[in-house]
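I am opening a notebook on a structure that is new to me.

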Amino acid sequence: MSAIALRRATMEDAALLWKWANDPEVRGNAFQSTEILWESHCEWLQRRLSSNGCRIWILLVDGLPAGQVRYGRSGDSADIDISVAADQRGKGIGTELLRRSTEAAFKELCVRSLIGWVKAENAASRKSFERAGFRLAETTERNGCRCVRYELACTL
């Protein structure tokens, strides 16, 4: 049995998060698929980490980083961004990230719902949201892509 833990991201995670964000599969599933430059990533991360409306957590498996989840508040909801390390894909890490972080996201961001936007063809992310208890709210277009919106309402 693996030891699984969730911790808050810090600026010390900048290189790791940048590497994960620029992974070709992650870029292909993102709504903005262009490569992320190091300097702009560091500036962006510093803003996110110091924002009251954002939380970023990293899932550790046996002490090693396996994936990240980010929640960004917008009104009374928070949008979700999630990515899993290439060597950890197919192991349920996305589902674990969501299951272990949603309660803290609701409490710390004071939101009523959590929203996940996923490209329709991204079967792995869709499974992660469904297995973590999110409901399929709609299928629509976003940034020129066919996508689905998952939602989880606060029950706290």
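I start with terms: I call a residue buried under 20% relative accessible area, exposed over 50%, and partly exposed in between, using a 1.4 Å probe and protein chains only. My helices (H or I, at least four residues) and strands (E, at least two) are DSSP runs, numbered from the N terminus.

The model is predicted: local features need pLDDT of at least 70, side-chain atom pairs count only at pLDDT 80 or more, and totals for chains, interfaces and linings use all residues. Residues are numbered from 1 along each chain as its sequence is written, and side-chain values use heavy atoms, with hydrogens and water left out.

**Entry: helix α3**

I checked the length first. Helix α3 has 12 residues, 38-49, and at 1.5 Å a residue it should span 16 Å; its end C-alpha atoms are 16 Å apart, which agrees. The expected span is 1.5 Å times one less than the number of residues.

Which residues of α3 are buried? I found His41, Cys42 and Leu45. Seen down the axis, these buried residues fall within an arc of 100°, so they line one face of α3. The arc is taken from the directions from the helix axis to the C-beta atoms. I noted a general point here: an α-helix has 3.6 residues a turn, so residues three or four places apart point the same way. The face turned away from the buried side of α3 carries Glu39 and Glu43, both exposed.

I then asked what covers the buried residues of α3. The cover includes α1 (14-21) and β2 (54-61). By contact I mean heavy atoms within 4.5 Å.

I picked out His41 in α3. His41 has a relative accessible area of 4%, so I log it as buried. Not counting residues up to four places away in sequence, His41 touches Ala14, Leu17, Trp18 and Ile36.

**Entry: the sheet**

I traced 7 strands in an open sheet with mixed pairing, in the order β1-β2-β3-β4-β5-β7-β6. Two strands pair if DSSP finds at least two bridges between them. β1 (4-8) and β6 (135-142) stand at the edges with a single partner strand each, so one side of each has no neighbour in the sheet.

Strands β5 (residues 113-119) and β7 (residues 145-153) run antiparallel and are joined by 7 bridges. I looked up Ile115: its bridge partner in β7 is Glu151.

**Entry: the cores**

I define a nonpolar core as a set of buried Ala, Val, Leu, Ile, Met, Phe, Trp, Tyr and Cys residues joined through side-chain atoms within 4.5 Å. The largest has 24 residues, of which Tyr71, Ile80, Leu98, Leu114 and Phe134 touch the most other members. Two or more residues come from each of β2, β3, β4 (77-84), α4 (93-109), β5 and β7. α4 gives the most, with 6 residues. Another core, of 11 residues, lies apart; among them are Ala9, Leu17, Ile56 and Ala85.

**Entry: helix α5**

In α5 (residues 123-131) I found Ser125, Ser128 and Phe129 buried. They cover an arc of only 95° around the axis, which puts them on the same side of α5. Ala124 and Arg131 are exposed on the other side of α5. The buried residues of α5 pack against β4, α4, β5 and β7. Gly133 follows α5, and its phi is positive, near 95°.
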